[in-house]
Amino acid sequence: MTDKHWSDRQESTWKTKVGLAEMLKGGVIMDVVTPDHAKIAEDAGASAVMALERVPADIRVAGGVARMSDPDVIIKIQESVSIPVMAKCRIGHFVEAQILEALEVDFIDESEVLTPADDRFHVNKKNFKVPFVCGCRDLGEALRRIGEGAAMIRTKGEAGTGDIIEAVRHMRTLQDDMRRISSLPVEELMTAAKELGAPYELVLEVARTGKLPVPNFSAGGVATPADAALMMHLGAEAVFVGSGIFKSGDPAKRAKAIVQAVTFYKDPARLAEISRNLGEPMTGIGMAQLGDKDRLAGRGW
Amino acid sequence: MISGVLAMQGAFHKHKLVMESLGCKTLEVRTIDELLSVDCLIIPGGESTVMVKLLSENNMMDPLKSRILDGMPVFGTCAGMILMSREISRMNQDSLGVMDIMVERNAYGRQLESFETEFEVSGIPGEPFHGIFIRAPKIVSTGRMVQVLAELDSVPVLVRQGNMLASSFHPELSGDSRIHQFFASMVK
């Protein structure tokens, strides 16, 4: 058994993949559906945009099957901004992922927000040159995705609700899992790996380093600057905002405020200033109103 | 000596870890007070558009510029280099304009074109340096006062002008602290 971490033994593109995720830290990645939205996001200080056909709140309303966006939408958004452009493929839909790679998107989100294409298997992300981000609810899920080649993890939360409770639950669960693993003696780690359903070598690495081998962002339910700052306090290294911006009364203003909140999350006086007068937040759906079948976070295996 | 790392957005944490591994005290810089209390500053990679916005909105552009012009050693990597440049080619984007270089954003291509390679760095003996280029900006021209410390295919990738050091690549990601060490030696 080598002393080197799993992540030090990955092929060379691993470093540029994780490197781009590093560059996005301390920033806000915003869902956009048109080039105009993308410009507003960039002007407000988004560190990247996620090109979509509909934001998650609208996917909920529309129902039916949610798929990868029309390439035309993605290309137009790529042409309209200079920051990285991400796009989503369905869980397990490696052909959608190949198409997104052919479009030269900067990051692919294999996302539970879209309708899964495979009810057992995720995309083998190591086959791609483009980096992937995947959602998780706990450490086991995070390490399974990293084992498949994800270069960034985001806790799932519950997209399209504007309710932060699931994002908090998933981040706390992940952090608790990591603290627990770090405190275990080595002989207990194989059983821990079995219980987590996670690759043993990655469990060993987390136990040694106390953190994930890739950046860990937060998603799903952020609607206010305070929500974004809360997630940063809980251990998120950056924040994805989906419906929270373009479903609010004044998207440009709110977007700018959330960007500031991620930078100054430790400064309550500054947050008070940032949070003033932002107009209506997205209406949202409380988690208590949401039936089990309407929850997206359970998608992913 | 306290080495500051501008922490508006981007890969500031990795730089901090490298400087700490060299025995330096570090400070994340987000405010004017923090800016005034450091002896040198690293401007990390990330998104240059985001950093410029956050700096401007928080009235930090001018104080930062004056500290650099007053001689504070500063090291900009990737987006940090864009921020320091005199001119950004083909973009209408603000910068500090302190270093006599013209850069082109994302000139090496999108993420698919991100790459790693090795090159010699003048003044740093030993093995070639392993450079990681991520959606990297290209230095398209350099002024008379700018010293080229490393090149890739005849294009400068590490440059120095007095108290200013700038790179297209990410030395904080390569696990080799020699360029950071070189920067630390620029601080009196």
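In the predicted model, strands β11(B) and β12(B) form a hairpin in which two residues lie between the strands, and B:G162, in the turn, has a positive phi of about 60 degrees. The pairing of β11(B) with β12(B), the latter comprising residues 164-167 of chain B, is antiparallel and extends over four bridges, with B:Q161 standing opposite B:M164 of β12(B).

On its other pairing, β11(B) is joined by five bridges to strand β10 (residues 147-152) of chain B, and these two strands likewise run antiparallel. Within this pairing, B:V148 has B:V159 of β11(B) as its bridge partner. β10(B) and β11(B) also form a hairpin with two residues between them, and here the turn residue B:D153 has a positive phi of about 50 degrees. Strand β11 of chain B, which spans residues 155-161, is largely enclosed by the rest of the structure, because six of its seven residues are buried.

Elsewhere in chain B, residue B:K16 is found in helix α1, which covers residues 12-21. B:K16 counts as buried because its relative accessibility is 17%, which falls under the 20% cut-off. When neighbours within four places in sequence are left aside, B:K16 is in contact with B:V5, B:T26 and B:E28.

The contact draws on 35 residues from chain A and 35 residues from chain B.

Between chain A and chain B, 15 residue pairs are found in polar contact, both residues of each pair being at pLDDT 80 or more. On the side of chain A that touches chain B, the elements giving two or more residues are α1 (13-23), α2 (35-44) and α12 (251-263) of chain A, and α1(A) provides the largest share, namely eight residues. By class, this side of chain A has 11 nonpolar, 12 polar and 12 charged residues. Three salt bridges are found across the interface of chain A and chain B; A:E22 forms a salt bridge with B:K14, in which the closest N and O atoms are 3.7 Å apart.

Technical notes: Residues numbered from 1 in each chain as written. Chains lettered and ligands numbered in written order. Predicted model: local features only at pLDDT ≥ 70, side-chain atom pairs only at ≥ 80, totals over all residues. Heavy atoms only, no water. Contact = heavy atoms within 4.5 Å. Salt bridge = Lys/Arg side-chain N within 4 Å of Asp/Glu carboxyl O. Polar contact = N/O pair within 3.5 Å; in protein donor to acceptor, adjacent residues only side chain to side chain. Nonpolar A, V, L, I, M, F, W, Y, C, P; charged D, E, K, R; others polar. Buried < 20%, exposed > 50% of the residue type's maximum accessible area, 1.4 Å probe, protein only. Pairing = 2+ DSSP bridges.
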